[in-house]
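This report describes one protein chain for a reader new to structures.

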Amino acid sequence: MKGYPKHIATKQDFINLLADPEYRDQALEDLAEIRDLPDEKANRTLSINEDGTAVMEEIDNPMPLWKIKGFSSRMEVAALIAENGGEV
């Protein structure tokens, strides 16, 4: 790997980056963004009117970013930040 990755796919990727002193600070910042992202809710399109406007419904987000990355909860992200010297 050359440099900090553009895309971090999994929890294990974050753990690997935190182990490297060169990338630790950036990984902590990225984890803080995941922890703080307000993605508990999502919009679902129910229908689209003839004039092109959508009828939307707000629902609980089934796949927030922390879950996509492989964490079991937002608190697990916060715990990983705390374990590695970041601000919680």
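A residue is called buried when its relative accessible area is under 20%, exposed when it is over 50%, and partly exposed in between, using a 1.4 Å probe and protein chains only. By that rule, buried residues make up 26% of the 88 residues in the protein chain. The model is predicted, so local features need pLDDT of at least 70 and side-chain atom pairs count only at pLDDT 80 or more, while totals for chains, interfaces and linings use all residues. Residues are numbered from 1 along each chain as its sequence is written, and side-chain values use heavy atoms, with hydrogens and water left out.

**The whole chain**

The secondary structure comes to four helices and two strands. Read from the N terminus, the order of elements is α-α-β-β-α-α. Helices (H or I, at least four residues) and strands (E, at least two) are DSSP runs, numbered from the N terminus.

The C-alpha trace spans about 55 × 30 × 20 Å along its principal axes. The radius of gyration of the protein chain is 17 Å, whereas a compact globule of 88 residues would have one near 12 Å. This radius is taken over C-alpha atoms, and the globule rule is 2.2 Å times the number of residues to the power 0.38.

The protein chain exposes about 6,100 Å², and carbon and sulfur atoms supply 52% of that area. Such areas come from the Shrake-Rupley method with a 1.4 Å probe; for residues, only the protein chains shown count as cover. Contact means heavy atoms within 4.5 Å. Among contacts between residues at least 6 apart in sequence, 41% join residues at least 24 apart.

**Helices α1 and α2**

Two packed helices are described by the angle between their axes and the distance between the axes. Helix α1 covers residues 11–19 and helix α2 residues 24–36; they pack at an angle of about 145°, with their axes 7 Å apart. The axes are lines fitted to C-alpha atoms, for helices over the stretch in contact, and angles run from 0 to 180 degrees between N-to-C directions. On the α1 side, the contact is made by F14, L17 and L18, and on the α2 side by R24, A27, L28, D30, L31 and I34. Sorted by class, this contact has seven nonpolar, no polar and two charged residues. Ala, Val, Leu, Ile, Met, Phe, Trp, Tyr, Cys and Pro count as nonpolar, Asp, Glu, Lys and Arg as charged, and the others, Gly among them, as polar.

**Single residues**

I8 is placed in the segment before α1. I8 counts as buried because its relative accessibility is 7%. Apart from neighbours within four places in sequence, I8 is in contact with D13, F14, L17, D30 and K69.

E76 lies in helix α4, residues 74–83. With a relative accessible area of 22%, E76 is partly exposed. Beyond four places in sequence, E76 is in contact with K11 and F71.

E87 is in the segment after α4, and at 71% relative accessibility E87 counts as exposed. Not counting residues up to four places away, E87 touches R35 and I81. G85 is also found in the segment after α4; at 68% relative accessibility, G85 counts as exposed.

The table lists C-alpha to C-alpha distances for some pairs.

| Pair | Apart in sequence | Apart in space |
|---|---|---|
| I8 and M56 | 48 residues | 31 Å |
| E76 and W66 | ten residues | 9.0 Å |
| E87 and G70 | 17 residues | 21 Å |
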